Structure formats: C-alpha cells, structure tokens
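Please read this briefing alongside the sequence and the structure shown below.

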Amino acid sequence: MRDFLHALLPQTCFLCGTSCQHLLCPACHHDLPYIQHTCAVCACPLPQELNICAQCVKKAPHFSSVRATLRYEYPAKSLIHAAKYRENLGVLHYLGDLMAQALVAEPDPDVLLVVPSHPRDLRRRGFNQAVELAKVISRQRAVGLAREATYCVRRKRKQARLSAVERQANVRGVFGVNLQANWRHVVLIDDVVTTGATVNELASMCLRAGAQRVDVWCCARQTFKPNES
Ligand SMILES: [Zn+2]
Ligand SMILES: [Zn+2]
C-alpha cells in the first residue's frame, strides 16, 4: 500500500527536497561521500602513496579485507540514521543498491552473513539493518544469505564511547556462528564499520568455525584513523 501511494505522489529528494524520480536527486546522489583511497585491508582512508595502514601492518586483522562504499559522515550519516532509527526501508534499499554497484568487481563468496543484532534490539527495532542491506546484495548477485548463521549470545555494551582497545574487549564472547562445511569464503555485511572490532571478532569466529577467508562489506566506514579513536 505504501509503495502504491509512493508511486502516485510526486517525489522529492530525501536530502535537498527538489522533485526527482528516485530517493535522491542526481546532484545529491553524485555528491555522496564515496570512499576514495583506503587501506586495502581495513578500508580506513590513506594518502595516495600508501596501500596498507600502519595498524594493519603491525597486527593483521582476522578478516582479509573491508570494502566500504561511503565515508560515515554527512549526508551518508543522515541516510543511515533514517534507515536505522526511523525505519525507512526505502533508504535501506537505496543504500543496498549503492553497495551492490560499488561491489561488482569483488569475487562472489560462498555465502553472505550479517553482523547480528541482539534479540532484544531486534524486537525493539523490528529489523536488523545489516540483513536488509544483505537481502538487496544477495538478490542482485544471486549469492545465498544465511541470516541465522551468525547470532548474539550476549548483549554488548554500547560501543560509541569506548576506545579501540575497550571495543575489542567489549565484543569478545558476544557472538556465535554456525557455518556449513562448504562455506570457505564468507562475506560479513554490516551498515557501519567504526574501529572494525566487531567485524574482526566475528571474522575470527568464522575462521575458527572452518571458513578460510572472511571479507567485510559495509555501507559506510568511519574515517578517523584507528589509532585516533
Ligand atoms: Zn537532492
Ligand atoms: Zn588498515
């Protein structure tokens, strides 16, 4: 019904309000903070002459790579907040499409997994934004999505005010994974990667459960350097 009404009503750009055919007008779509040159491993931004950041050289994470589409800053932040806290599934689908387009050159994994929400958050919000993004990518690439294969065994403390080291301790023992033996290359999908502590913990569990390669595909990457957090 909502889709039907949406089709009848004149549409305006979600960000600037000019009338347009899509969620964003061409100018706002073009001006999104697309991520440019980043660390080949963790996707933190880097100067052109470097390929891997000092942090990843010092201690390689458990995942092989993070692929991010946008920098987590305005207006990408507004879109993700609208999707997450105002339950705007139209925005989520738009962001999923954006990710799918940015990821066309990436090899297909055996399966797509998601960073899970705790059941209590899921009940409160009604959906897991990572699952909604993963559904779009799964449909477009015809790669299976195993949304039950990753789960939360306990609730983590809010991460926002924690340092990178505290985040690592905070996510330890939070997740469980249940992988099939033929899933050798898995991709973890999340909306935002901040320090990478959460996806690193999940990647380590996937490797212990038998996966041989774990990549992370996220919509937006926080762009401070990990050692600044
Ligand atoms: Zn616009
Ligand atoms: Zn790095």
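N170 counts as partly exposed because it has 18 C-beta neighbours inside 10 Å, where a residue is buried if 20 or more other C-beta atoms lie within 10 Å of its own, exposed if 12 or fewer, and partly exposed in between, with C-beta atoms placed from the backbone. This is a predicted model, in which local features need pLDDT of at least 70 and side-chain atom pairs count only at pLDDT 80 or more, while totals for chains, interfaces and linings use all residues. Residues are numbered from 1 along each chain as its sequence is written, and chains are lettered from A and ligands numbered from 1 in the order in which they are written.

**Surroundings of N170**

- N170 is found in helix 8, which covers residues 164-171; helices (H or I, at least four residues) and strands (E, at least two) are DSSP runs, numbered from the N terminus.
- Not counting residues up to four places away in sequence, N170 touches K156, R157, Q159 and L162, a contact being a pair of residues whose C-beta atoms, placed from the backbone, lie within 7 Å.
- K158 is 12 residues from N170 in sequence, and the C-alpha atoms of K158 and N170 are 8.8 Å apart in space.

**Helix packing**

- The axes of helix 8 and helix 9 (residues 197-208) come within 9 Å and cross at roughly 40°, the axes being lines fitted to C-alpha atoms, for helices over the stretch in contact, with angles that run from 0 to 180 degrees between N-to-C directions.
- Helix 8 and helix 9 are therefore oblique to each other, since angles under 35 degrees count as roughly parallel, over 145 as roughly antiparallel, 65 to 115 as roughly perpendicular and the rest as oblique.
- The crossing of helix 8 and helix 9 is right-handed, a crossing being right-handed if the near helix is turned clockwise from the far one by less than a right angle, and left-handed if anticlockwise.
- Where these two helices meet, A164, R167, Q168 and V171 come from helix 8, and A197, T198 and E201 from helix 9.
- Helix 4 (residues 76-85) packs against helix 5 (residues 89-102) at an angle of about 130°, with their axes 7 Å apart, which makes helix 4 oblique to helix 5.
- The crossing of helix 4 and helix 5 is left-handed, and there L79, A82 and A83 in helix 4 meet V91, L92 and L95 in helix 5.

**Domains and core**

- The protein chain is divided into domain 1 (1-31) and domain 2 (33-228), with bounds that come from an automatic or database domain assignment, and the C-alpha centres of the two domains lie 27 Å apart.
- The largest nonpolar core has 56 residues, and those with the most contacts inside it include L95, L133 and C219; such a core is a set of buried Ala, Val, Leu, Ile, Met, Phe, Trp, Tyr and Cys residues joined through C-beta atoms within 7 Å.
- Because domain 1 and domain 2 both give residues to this core, it lies between them.
- Leaving aside neighbours within four places in sequence, L95 is in contact with L79, A83, L133 and C219.

**Backbone features**

- Most residues other than glycine have a negative phi, and most peptide bonds are trans.
- A43, in the loop between helix 2 (26-30) and helix 3 (54-58), has a positive phi near 70° and is buried, with 25 other C-beta atoms within 10 Å.
- A142 has a positive phi of about 55° although it is not a glycine, and with 7 C-beta neighbours inside 10 Å it counts as exposed.
- Y74 and P75 are joined by a cis peptide bond with omega about 0°, and P75 is in the loop between strand 1 (65-71) and helix 4.
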